[in-house]
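Student: I'm new to this structure and would like to learn how to read it. Could you walk me through it, starting with the charged side chains?

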Amino acid sequence: MADDAAHDPAARRAAAGDPVARLAATRHEFGEHGGVNLSIETSSTFTVLEAGILPDIFQGRSGPRGGCFLYGRHFNPTVMALSRQLAALEATDHAYCTASGMAAISGVILASCDSGDHVVASGTLYGGSWALLHDFLPRKAAIGTSFVDVADLAAVERAITPRTRVLYCESIANPTLRVADLPALAAIARRHGCRLVVDNTFAPCIVSPRLHGADVVVHSLTKFINGASDIVAGCVCADGDFIDGMYDLHVGSLMLLGPAMDPRAAYEVATRLPSLPLRMREHSRRALAYATRLAELGARVVYPGLASHPDHTLFMRLANPGYGAGGLFTVDLGSPERAAVFMEHLQNAEDFGYMAVSLGFSETLMSASAASTSSEMDDAALAEAGIPRGLVRVSAGYSGRLEDRLAQLERGYRAATA
Ligand code: PLP
């Protein structure tokens with residue numbers, strides 16, 4: 001949506017610096033009494049000194065950026081403090097946090113599309129996002145989606161109609177780990193006057209979609225960013241007008257649908273954010289070691305950091321240096337039965353990790369995507385997206401000694417393929 005000059009990726013990246021530097025440059029928020037941590041503002045409503053301020057807030061003449069808070073579903077100071085840090089992480093002007101990643105995604109689509117509008121989306125998405133676009137929004141709001149292979153740029157362009165408002169993809173797709181060519185997709189979006197919305201849940205620190213031309217970046221904070229598998233949360237990172245629009249008291253999608261983040265959750269996530277770059281490096285280091293070992297054993301393993309990955313060169317071009325290629329890899333065991341043996345052996349015999357959905361935890365998490373987080377997709381959509389039923393998605397944790405974990409993984413693979 002912004003002009004071409006503002007989207008020169010090299011210039012933007014140079015000016016924006018590294019995610020760690022951007023995070024460090026956000027003003028440290030002290031607690032109310034000078035504490036080194038944020039205070040948690042628990043109030044759901046806020047007083048004003050003069051009666052005239054309330055109508056000013058409702059008419060949009062005063063707001064939280066001028067220090068006027070109103071009501072917790074609108075803006076909360078603790079949630080805003082976390083939002084500022086997430087905006088810094090993603091190099092956007094502003095951000096706002098939501099009660100879940102799905103709340104962020106649905107809020108962005110509904111803020112961008114009216115009834116009758118259209119979305120072009122990658123055919124490989126987290127199953128919940130796929131179901132939202134494939135089933136829920138067409139039925140409930142007459143917002144249709146054409147799913148395409150976003151690696152096929154000509155197909156993306158062909159799918160766009162005069163009613164297309166959003167081009168939607170994941171930076172690293174769940175679960176295929178295909179990498180989106182963000183600069184090329186951003187150029188298509190700009191040519192057609194639609195927004196490029198990128199779910200960056202799999203790649204915080206690693207990829208900065210805004211610096212490659214994305215207009216809006218969404219996250220499930222539930223995953224790597226919180227990192228402790230104890231909070232469900234999400235965020236939208238974008239320019240100020242877009243964020244303010246989502247919180248417009250009268251028409252904003254987040255304001256009216258109401259998926260507000262609890263300030264206590266905002267505090268928790270904020271305390272974990274400073275360790276995110278360190279954690280991402282270690283998740284990546286482990287995932288690379290596991291994927292390399294499995295590849296040596298002859299496994300059908302997919303990891304963006306391996307030269308065998310179809311988008312390895314693209315990934316290296318997009319990635320911020322120093323954070324590796326992410327904490328996720330997949331291995332196709334060839335059948336659901338073998339996938340089950342692999343995961344059960346690794347959990348129950350080796351204590352290598354857990355059979356559980358989600359990702360970005362200190363412990364390794366394993367799930368068979370077709371039967372779990374992509375189960376919304378029918379057989380045709382799974383085949384189209386390239387998600388075989390024997391595929392196991394692994395989110396590499398960082399507990400335990402790497403050498404021990406590698407030996408466990410090797411025994412698990414041998415047990416499943418004996
Ligand atoms: N985006 C991706 C890539 C995901 O993997 C998920 C959940 O697994 C979501 C969004 C949804 O996030 P949440 O569970 O926080 O609503």
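Tutor: Let's begin with a term: a salt bridge is a side-chain nitrogen of Lys or Arg within 4 Å of a carboxyl oxygen of Asp or Glu. In this structure, Arg293, Glu296, Glu410 and Arg414 are linked in a network of such bridges. Bear in mind that this is a predicted model, where local features need pLDDT of at least 70, side-chain atom pairs count only at pLDDT 80 or more, and totals for chains, interfaces and linings use all residues. Residues are numbered from 1 along each chain as its sequence is written, and side-chain values use heavy atoms, with hydrogens and water left out.

Student: How many salt bridges does a search of the whole structure find?

Tutor: The search finds 19. One of them joins the side chains of Glu296 and Arg293, at 3.7 Å from N to O.

Student: Where do Glu296 and Arg293 sit in the helix?

Tutor: Helices (H or I, at least four residues) and strands (E, at least two) are DSSP runs, numbered from the N terminus. Glu296 and Arg293 are both in helix α12 (residues 276-296), and because they are 3 residues apart there, about one helical turn separates them.

Student: Is Glu296 buried or exposed?

Tutor: Buried means under 20% relative accessible area, exposed over 50%, and partly exposed in between (1.4 Å probe, protein chains only). Glu296 has 60% relative accessibility, so it counts as exposed. Arg293, at 25%, is partly exposed.

Student: Which side chain meets Asp332 in a salt bridge?

Tutor: That's Arg300, with 3.5 Å from N to O. This pair links distant parts of the chain: Asp332 belongs to strand β9 (residues 328-332) and Arg300 to strand β8 (residues 300-302), 32 residues apart. Asp332 counts as buried because its relative accessibility is 16%, whereas Arg300 is exposed at 53%.

Student: What is the N to O distance between Arg401 and Glu403?

Tutor: Their side chains meet in a salt bridge at 3.3 Å. Glu403 is partly exposed, with a relative accessible area of 49%.
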